[in-house]
Amino acid sequence: MVWRRSRQSPKTPEPLIEPLPTSAPWAMRVELSRGRRYPEAPHPYRNEYARDRDRIIHSRAFRRLEAKTQVFTIRYSDHFRNRLTHTLEVSQIARTVAGALGLNTDLAETLALVHDIGHPPFGHAGEQKLDELMRARGSRFNHNLQALRIVEQFESPYLDFPGMNLTFEVREGIIKHSHDYTAAEFPYLAEYLLELRTPLEGQLIDWVDEIAYNTADLDDALEAELLDLGVLCREVPLFADAYAQIDTSYPSGREKLKFNAALRLLLDRLATDLIDATRQRVLASGIETVDDIRRAPHRLAGFTGDHAEGNAELKRFLFKHIYNDASITEDRDRSVRCLEELFLYYLDSPGSMPSSHEESVLTEPRHVVVCDYIAGMTDQFLLRKHREHFGPAAAASSGAG
């Protein structure tokens, strides 16, 4: 966001600085926001999306991301990404890409910072297990929908209203950045304009998320000594091309430094392609306003065909050689078994959860409350609770601890 000094008198209560309009006509301008569920007086020097960003950063749910696994546990190293450091990397890429496209960088950054707060312990494996447990009881679990519950219900630090009272566009982006929903299937989400697209700032998040974790997971895999550079170059030409360029320029360089340089080059090429491809689609479609973006027949953010395929090859490589490596799956499967056992224990043991959660059972089904409780746990807190209820021997037999 570009800022200029206001010419207003310093004696007035108006802001001392005011935002210039975002450069792209299809950017989401803060003055066009649909606002907050509960009206609030404007802040003297922070726009509404910047205020939302700050509320997210100061939330308990955001802090818990530090103790939630991304892919690798501290069994290998203290240097690996966790869910929080991953989120910070996503926000950096999101702000850069949005700025290059002339979009609202405050909104893009805010959506990046909030995009993972609904994740349960143990990453996507934990999410899949919770969804399986909930579907068996006629419900479901989705980390984006859980994030909306967090900001609207569970995080309530204010005296004047429940929840965090985020702007409409941030709440909308939480659920729509990576998935389209229908009002027929999700009637309780109908207020979020499900028949329309989210603005470009929201559409970017899923793509910058992939850029961040695909490149970071390669870096962490090398640190864990699980990465075969030769196989990576054979199976992912996009990386091989980047590595060849670095190797030509630095033939006698240290292999680790050449790998790091190639990875940075790969990230830069993916981000650049996302910027260029998205801009070209917007211009070719005749888009002129945010409303045009919303009413477009399909999402406009994304890679070109070549880079989309290269990114897909990278994802396939990671699943084949890294995510499904026995040393990772053993840790993951044992931890997820603890999650399942703890879920069933709380479900079948009235009075076993904290009083605030037990009180919620009076108004919501017990399995929903149990799911909310488990989803909010950090990895280590869940394992500690498992040991408390099942004993150290049970935890050891599950491989947790």
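A salt bridge is taken here as a side-chain nitrogen of Lys or Arg within 4 Å of a carboxyl oxygen of Asp or Glu. By this criterion the structure, which is a predicted model, holds 42 salt bridges.

Several of these pairs can be described together with the exposure of their partners. The side chains of Arg81 and Glu89 meet in a salt bridge with an N to O distance of 3.1 Å; Arg81 counts as buried at 17% relative accessibility, whereas Glu89, at 25%, counts as partly exposed. A salt bridge also joins the side chains of Arg95 and Glu109, with 2.7 Å from N to O. This pair links distant parts of the chain, since Arg95 lies in helix α3 (residues 83-100) and Glu109 in helix α4 (residues 105-114), 14 residues apart. Arg95 is partly exposed, with a relative accessible area of 30%, while Glu109 counts as buried because its relative accessibility is 16% and the limit for a buried residue is under 20%.

In the salt bridge between the side chains of Lys320 and Glu235, the N to O distance is 3.6 Å. Here too the pair links distant parts of the chain, with Lys320 in helix α13 and Glu235 in helix α9 (residues 229-235), 85 residues apart. Lys320 counts as exposed at 56% relative accessibility, and Glu235 is partly exposed, with a relative accessible area of 29%. Beyond such pairs, a network of salt bridges links Arg36, Glu40, Glu48, Arg51, Asp52 and Arg55.

Arg36, a member of this network, is also among the residues touched by Arg171. Arg171 is found in helix α7 (residues 168-176) and is buried, with a relative accessible area of 4%. Leaving aside residues up to four places away in sequence, the contacts of Arg171 are Gly35, Arg36, Arg37, Leu148, Glu152, Leu166, Glu191 and Tyr192.

Helix α13 (residues 305-323), which carries Lys320, packs against helix α8 (residues 200-223) at an angle of about 40°, with the two axes 11 Å apart. The helices are therefore oblique to one another, and α8 passes α13 in a left-handed crossing. On the α8 side the contact is made by Glu210, Tyr213, Asn214, Asp217, Leu218 and Ala221, and on the α13 side by Asn311, Leu314, Lys315, Phe317, Leu318, Ile322 and Tyr323. Classified by residue type, this contact between α8 and α13 has 8 nonpolar, 2 polar and 3 charged residues.

Methods
Residues numbered from 1 in each chain as written. Predicted model: local features only at pLDDT ≥ 70, side-chain atom pairs only at ≥ 80, totals over all residues. Heavy atoms only, no water. Helix = DSSP H or I, 4+ residues; strand = E, 2+ residues; numbered from the N terminus. Buried < 20%, exposed > 50% of the residue type's maximum accessible area, 1.4 Å probe, protein only. Contact = heavy atoms within 4.5 Å. Axes fitted to C-alpha atoms, helices over the stretch in contact; angles between N-to-C directions. Parallel < 35°, antiparallel > 145°, perpendicular 65-115°, else oblique. Left-handed = near helix turned anticlockwise from the far one by under 90°. Nonpolar A, V, L, I, M, F, W, Y, C, P; charged D, E, K, R; others polar.
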